[in-house]
Amino acid sequence: MNAFNFLRNAFAGRKLATAGFVWLCLIVVAAIVAPLIAPFDPLEIDPVGRLAEPGWPNLFGTDHFGRDTFSRAIYGARMTVIIGVGSVIVALFCGGLIGMLSAYFTRLGHFLMRGIDVLMAFPALLMALVLITLLERSVFNTVLVIGIVYATTTARILFGMTLKLKGEVFVDAAVCSGAGHSSILFRHILPNLLSPLLVQASFIFAFAQLQAAALDFLGLGLPPEVPSWGNMLSEERIYITRAPWLLLYPGMLIVVSVFSMNLVGDALRDSIDPRFKDDIAGV
Amino acid sequence: MYLNNSILSPSLFRMAGAKCLLSFIEVDMLAYTVKRLFTLIPTLLSASILVFLFVHLIPGDPAAILLGDTATPEEVAQLSAEMGFDRPLATQYFLWLGNVLQGDLGISIFFREPVLSVIASGAETSILLASMTMVWIILFGLPIGVLSATKHGTWVDQVTSSGAMLAASVPTFWLGLYLIMIFSVTLGWFPSSGFPSLSDDGGIANLRYLLLPSLTLAAPNAALIVRLVRASMLDVAREDHVRTARAKGLHPVRVTIKHVFRNALIAVAAAFGFTFAALISEAVVTETVFSLPGIGRLVVQSILRRDYPVIQGVILVIVVLYMVVNLLVDLAYARLDPRVSLK
């Protein structure tokens with residue numbers, strides 16, 4: 001399916017979802033050109049001008065180190081994109097591969113899916129906490145942990161979808177024409193899974209933001225010096241009564257971004273192949 | 001007439017038939033329960049292996065890790081001998097499993113108390129918090145979901161569904177902090193942190209400490225229930241028996257309640273079970289925000305204190321709880337919905 005037409009169909013007549021999509025594009029742009037549009041260095045400390053109210057030149061005010069909250073928020077968009085995209089890649093690659101291979105090679109699948117069942121007995125946040133305990137606090141590890149947590153659900157979902165596709169006539173046709181296993185899996189089955197994978201990716205992106213923010217808040221996520229929206233909330237929470245705006249802006253940014261991603265995911269889900277509608281997770 | 005004889009009245013016939021059917025279902029149900037119990041055992045054992053390996057994945061001598069930094073070499077050597085840390089991993093696992101099955105989860109490094117009693121001290125808060133949260137989820141989630149489904153396609157539906165999605169997009173700790181600021185700091189209506197036991201002074205009134213936390217925790221979960229109720233009611237509404245009910249002229253409210261809602265509730269009831277089990281661990285963040293002495297905060301504090309025996313114990317307890325609840329949900333599901341195949 002043509003990607004552009006797919007998007008156009010998905011968003012036709014959905015104003016809120018389109019707004020969400022535009023917002024996410026803005027986040028990505030902000031993340032890329034952060035050094036150009038941020039008025040201050042996000043790490044520059046100014047002890048004199050701490051806890052300044054929103055105004056000029058500090059649009060969102062300053063935090064308890066006197067750092068410019070607006071600039072930190074813009075650099076925070078970078079972390080949002082890195083966490084989101086990174087977790088999606090880890091989850092879809094690991095989960096997707098396990099799910100597809102398990103459905104295709106039945107005997108292997110019996111073994112692998114039991115393993116996934118066991119991992120799914122660990123609630124998501126608890127599993128993230130356990131893995132974090134074994135690793136150091138770093139951007140890479142946070143991405144890895146969140147990705148692994150969602151790889152389990154992704155494997156489950158893709159297992160079901162691949163099983164459905166495996167029974168289709170075009171797969172039989174490919175087998176008859178002498179196609180090998182890898183050709184059937186990646187050239188015949190995988191292309192049919194792309195749009196449901198895109199939907200799944202959008203929900204993982206949204207959930208990953210909330211998980212990352214929760215980990216940051218617990219002091220177990222990104223290293224404290226990294227400017228992320230979750231870290232900003234975590235660091236400034238004791239100033240909530242003195243400087244409530246310090247928590248308002250990063251919090252609103254998280255809410256709007258997660259909401260946008262959920263809206264986009266919903267719009268995409270409604271437009272995908274009806275065969276898979278019941279399989280996709282999401283809010 | 002003979003057929004009008006009370007012994008052979010149609011309602012009695014139906015009752016006898018239903019009773020026969022019931023006993024068939026019960027035999028099937030028993031077999032199904034036993035089967036599910038047997039499939040639970042390998043999963044539980046595999047999960048226990050993962051939990052056991054957790055301490056071994058941390059770099060360093062496991063005995064030293066379990067005893068903490070303050071342990072003397074003699075204590076480390078003694079625990080090593082007790083747990084057989086010099087023996088093969090499989091032997092160690094069975095020694096550990098044997099202890100666990102007797103209720104011995106080790107000794108907390110920080111509290112210097114058995115892990116089981118440390119966990120038990122957080123259980124009251126966690127269970128009360130989860131229960132209160134479930135009350136809000138049912139009180140808000142069900143009616144709003146029904147409203148959203150019955151007004152399907154109207155602005156009411158749009159507002160409630162988008163509102164639910166928005167509520168599911170809010171980080172719980174952020175919501176909690178603002179609730180504390182508004183209702184505790186500014187208005188002074190509710191306490192902002194802590195939870196004295198119900199057996200302390202104040203008794204049942206101490207539940208007010210859990211009001212804000214439970215509302216915080218309920219917001220995203222109630223939102224999920226709203227969307228689930230809406231989706232499953234719309235699914236059921238498309239089925240033939242609902243069309244028949246409408247066609248025979250039944251009142252729309254009666255159709256909605258008796259034919260649509262009751263059937264949709266089967267899927268929702270299953271979700272309630274999962275939600276309750278998930279709440280115990282999801283409460284990690286909420287308990288931290290409101291400084292509640294529950295199991296969730298115990299996990300975070302134990303991670304920060306490197307109190308590995310407690311982390312291991314809590315994971316084990318939560319995972320077992322989660323699996324048992326899953327099993328109960330499946331059994332209840334099979335019981336509620338006769339269409340679920342028991343084979």
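Good morning. In chain B, helix α8 passes helix α10 in a right-handed crossing; a crossing is right-handed if the near helix is turned clockwise from the far one by less than a right angle, and left-handed if anticlockwise. The contact involves, among others, B:Leu217, B:Ile225 and B:Val229 of α8(B) and B:Val260, B:Phe261 and B:Leu279 of α10(B). Here, two residues are in contact if their C-beta atoms, placed from the backbone, lie within 7 Å. The residues of this contact divide into 16 nonpolar, six polar and one charged. Nonpolar covers Ala, Val, Leu, Ile, Met, Phe, Trp, Tyr, Cys and Pro, charged covers Asp, Glu, Lys and Arg, and the others, Gly among them, are polar.

This is a predicted model, in which local features need pLDDT of at least 70 and side-chain atom pairs count only at pLDDT 80 or more, while totals for chains, interfaces and linings use all residues. Residues are numbered from 1 along each chain as its sequence is written, and chains are lettered from A and ligands numbered from 1 in the order in which they are written.

Let us turn to the whole chain. Chain B has 12 helices and zero strands; these are DSSP runs, helices being H or I of at least four residues and strands E of at least two, numbered from the N terminus. The radius of gyration of chain B, taken over C-alpha atoms, is 26 Å, well over the 20 Å from the globule rule for 343 residues, so the chain is more spread out than a compact globule. That rule is 2.2 Å times the number of residues to the power 0.38.

Finally, two loop residues. Most residues other than glycine have a negative phi. B:Arg112, although not a glycine, has a positive phi of about 55°. This residue lies in the loop between α4 (89-101) and α5 (115-150) of chain B. Is B:Arg112 buried or exposed? B:Arg112 counts as exposed, with 9 C-beta neighbours inside 10 Å. A residue is buried with 20 or more other C-beta atoms within 10 Å of its own, exposed with 12 or fewer, and partly exposed in between, with C-beta atoms placed from the backbone. B:Ser291, in the loop between α10 and α11 of chain B, also has a positive phi, of about 45°.
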